[in-house]
Amino acid sequence: MSEPLLEVRDLKVSFRTDDGLVRAVDGVSLTLAEGETLGIVGESGSGKSVTMMSVMRLITDPNAQFSGEVFYKGRDLMKLNQGQIRSIRGSGIGMIFQDPMTSLNPVYKVGWQIAEQIRAHEQVSSAAARDRAIQLLTAVGIPQAARRVDDYPHHFSGGMRQRVMIAMAVSCNPDVLIADEPTTALDVTIQAQILKLIRKLKEDFGTAVVLITHDMGVVADMADRIAVMYAGRVIEQGTGRDLFYDPQHPYTWGLLGSIARLDRPRPRRLAAIPGLPPSLLRLPEGCAFSDRCAHSFDLCATRPELSARLGTTHLDACHLSPQQKKDLRVATIHPELVPETP
Amino acid sequence: MLTFIVRRSLWTVLVMFVITVLVFIIFFKTPGVDPARAIAGRDSSPQILAEIRAQFGLNRPLPVQYGLMMKRLFVDRSLVSYSNQGQLVVPEIFAAAPATLSLVLGAALIWVVVSIAMGVAAAVLRGSLLDPLLMIVALIGVSTPVFWLGQVANLVSQGGLHNTILFSWVPPLGYTPLTSNPVRWFEGLVLPWITLSILYIGFYARVLRASVLEVQNEDYVRTARAKGLTEQRVLMRHTLRNSMITFVSLFGLDFGALVGGGAILTEVVFGIHGVGFLTYQALTSLDLPTIMATVVYGAFFIVLANALVDVAYAWLDPRVRPT
């Protein structure tokens with residue numbers, strides 16, 4: 001198997017606060033191959049954004065502490081100096097963020113902002129950069145790009161602004177595009193368009209994509225592999241098929257069970273996972289999900305490592321045996337929701 | 001943009017009109033006060049009173065009185081200060097303007113440069129010892145009364161330490177016009193410049209620091225960093241460009257007020273015969289015509305500054321522009 005393009009190894013990110021040490025990311029390991037789409041799913045506070053922001057070294061909080069390694073094309077990003085990481089940001093790894101309404105600088109024209117990124121990494125004239133900006137705007141589906149390149153961000157709607165952000169992020173042909181909840185702030189129809197755009201760019205340029213979201217439906221469609229995060233740890237990782245048809249971790253069962261289905265009879269109550277995620281100030285020694293898990297037992301007091309318990313590339317972090325998991329899953333999630341093995 | 005400027009200018013004219021009406025009513029129609037006596041000042045013989053009544057049309061209807069006053073002020077500029085031996089008021093104000101402008105422009109230059117440096121330094125060095133230190137210095141600057149500071153400066157430079165090399169170059173109190181002796185003009189203004197700017201440095205450094213810290217947390221600054229730009233460029237082109245919007249608006253208003261004669265205390269303490277000094281003199285001797293004229297002069301600059309600040313704001317922040 002060839003070298004992964006991006007490899008996160010046991011990343012830990014903590015923040016010193018007045019109330020103690022907040023462990024936002026507690027030992028996360030991920031890999032991303034060339035051209036692959038990795039989905040990272042989890043609820044708010046699970047550490048998904050902090051993980052990827054740390055990859056780009058975008059966390060400027062002086063109270064942040066990092067440990068672990070992040071390999072990009074063989075170099076550990078955590079050990080690079082400011083100049084080196086700057087040359088990777090935007091040209092090797094691009095990132096788009098959640099709220100397009102505030103992610104663009106309101107006082108500069110969009111064409112100027114895109115050109116600024118291009119000229120930060122490549123030696124091109126401002127006229128050439130502007131032409132590239134117009135081409136990019138056309139590629140992301142902005143109509144009349146030649147005119148709109150001189151418009152300010154407030155002249156665009158939310159969906160259009162996100163397209164501009166995407167144009168800007170891919171302007172230097174990065175190997176990796178990190179999309180941090182790109183559609184959360186947009187309505188559903190625009191969401192579909194944006195995801196289609198990301199997929200198209202991925203196909204045209206072979207960019208690897210890391211898609212962070214809390215929406216299982218988004219990753220089902222887009223991702224080759226999915227990692228599920230909970231309380232700063234990855235608790236399950238596998239292909240879409242693995243996760244949706246053969247989920248191994250009780251948390252994943254809870255996530256899937258809570259999806260409102262249109263093709264089944266309407267339940268009287270929506271299923272929810274009881275309880276709340278643990279406070280990141282006081283993470284338990286053992287499994288972070290154990291106090292909410294209906295199936296926890298004595299072994300759960302020791303932290304389960306993310307490993308290949310099925311002998312395949314489908315990893316999970318739960319001490320239950322594969323057979324127990326199969327039995328309990330059928331009992332936990334409503335039987336109708338578990339389809340026949342394909 | 002052009003229509004915006006034209007609309008704003010018309011609005012300025014309207015506001016000026018309202019101000020002159022208000023000033024007129026305050027000075028001429030305060031119940032219990034005889035305007036003729038007030039205008040005449042201290043020496044008011046019956047002949048002067050009669051002359052004033054005729055000239056200002058005090059027996060005629062209100063709008064006529066207003067019209068006559070405005071004519072005197074703006075059209076023939078023949079308004080006369082009775083308590084000052086019939087000195088023509090309007091030319092006197094214009095003669096005092098260069099002194100005020102010299103003081104205010106110099107102080108403004110100093111305070112803009114220093115407050116930006118301090119404000120940005122404090123925001124960038126946040127977390128280190130320098131940040132609170134700079135802000136304490138700024139707070140001292142804001143809290144120090146300008147007349148006290150000026151008097152202390154005078155005591156030291158004119159009195160105690162005048163013969164030392166530190167202050168021997170300081171000329172006696174007063175203003176020397178630029179055209180008559182540039183070196184002395186400069187030397188005579190150094191201490192007034194510093195004194196006047198200290199208050200504003202304190203205020204603006206704190207304002208800018210708060211603004212920079214706020215903008216630094218904005219999403220678009222994070223985006224700029226994610227683009228791979230240098231920290232310097234992120235600070236200059238992205239953070240400051242947005243932080244300065246508030247700074248510029250506030251500066252325009254303060255500067256306008258100062259040009260209109262707002263630096264009264266500084267001018268008096270340092271003996272600079274500018275518009276503020278004139279206002280002070282007129283107030284102490286209750287010289288109504290001069291007071292009226294300086295009030296209108298000051299009001300004009302404040303209103304003008306407001307209009308210019310609106311235009312500048314629209315230029316700096318595209319979101320505010322009318323589409």
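Which residue in β7(A) is the bridge partner of Ile96(A)? The answer, Ala179(A), belongs to a predicted model, in which local features need pLDDT of at least 70, side-chain atom pairs count only at pLDDT 80 or more, and totals for chains, interfaces and linings use all residues. Residues are numbered from 1 along each chain as its sequence is written, while chains are lettered from A and ligands numbered from 1 in the order in which they are written.

Chain A has eleven helices and eleven strands; helices (H or I, at least four residues) and strands (E, at least two) are DSSP runs, numbered from the N terminus. The radius of gyration of chain A is 21 Å, close to the 20 Å that the globule rule gives for 342 residues, so chain A is as compact as a globular protein of that length. That radius is taken over C-alpha atoms, and the rule is 2.2 Å times the number of residues to the power 0.38. Along the principal axes, the C-alpha atoms of chain A fill a box of roughly 65 × 50 × 45 Å. Of the 342 residues of chain A, 44% count as buried, where buried denotes 20 or more other C-beta atoms within 10 Å of the residue's own, with C-beta atoms placed from the backbone. Among contacts in chain A between residues at least 6 apart in sequence, 64% join residues at least 24 apart; a contact requires C-beta atoms, placed from the backbone, to lie within 7 Å.

The strands may be considered next. By contrast, β6 (residues 93–96) of chain A runs parallel to β7 (residues 176–180) of chain A, with four bridges between them. Both faces of β6(A) are covered: Ile93(A) and Met95(A) on one side, and Gly94(A) and Ile96(A) on the other, are all buried.

Two packed helices are described by the angle between their axes and the distance between the axes. The axes of α3(A) and α4 (residues 126–139) of chain A come within 8 Å and cross at roughly 115°; axes are lines fitted to C-alpha atoms, for helices over the stretch in contact, and angles run from 0 to 180 degrees between N-to-C directions. Residues of α3(A) in this contact include Ile114(A) and Ile118(A), and those of α4(A) include Ala129(A) and Leu136(A). By class, the contact has six nonpolar, two polar and three charged residues. Ala, Val, Leu, Ile, Met, Phe, Trp, Tyr, Cys and Pro count as nonpolar, Asp, Glu, Lys and Arg as charged, and the others, Gly among them, as polar.

The contact takes 23 residues from chain A and 19 residues from chain B. On the side of chain A that touches chain B, α3(A) gives the most, with four residues. That side has ten nonpolar, nine polar and four charged residues.

Methods: Buried ≥ 20, exposed ≤ 12 C-beta atoms within 10 Å, placed from the backbone. Contact = placed C-beta atoms within 7 Å. Pairing = 2+ DSSP bridges.
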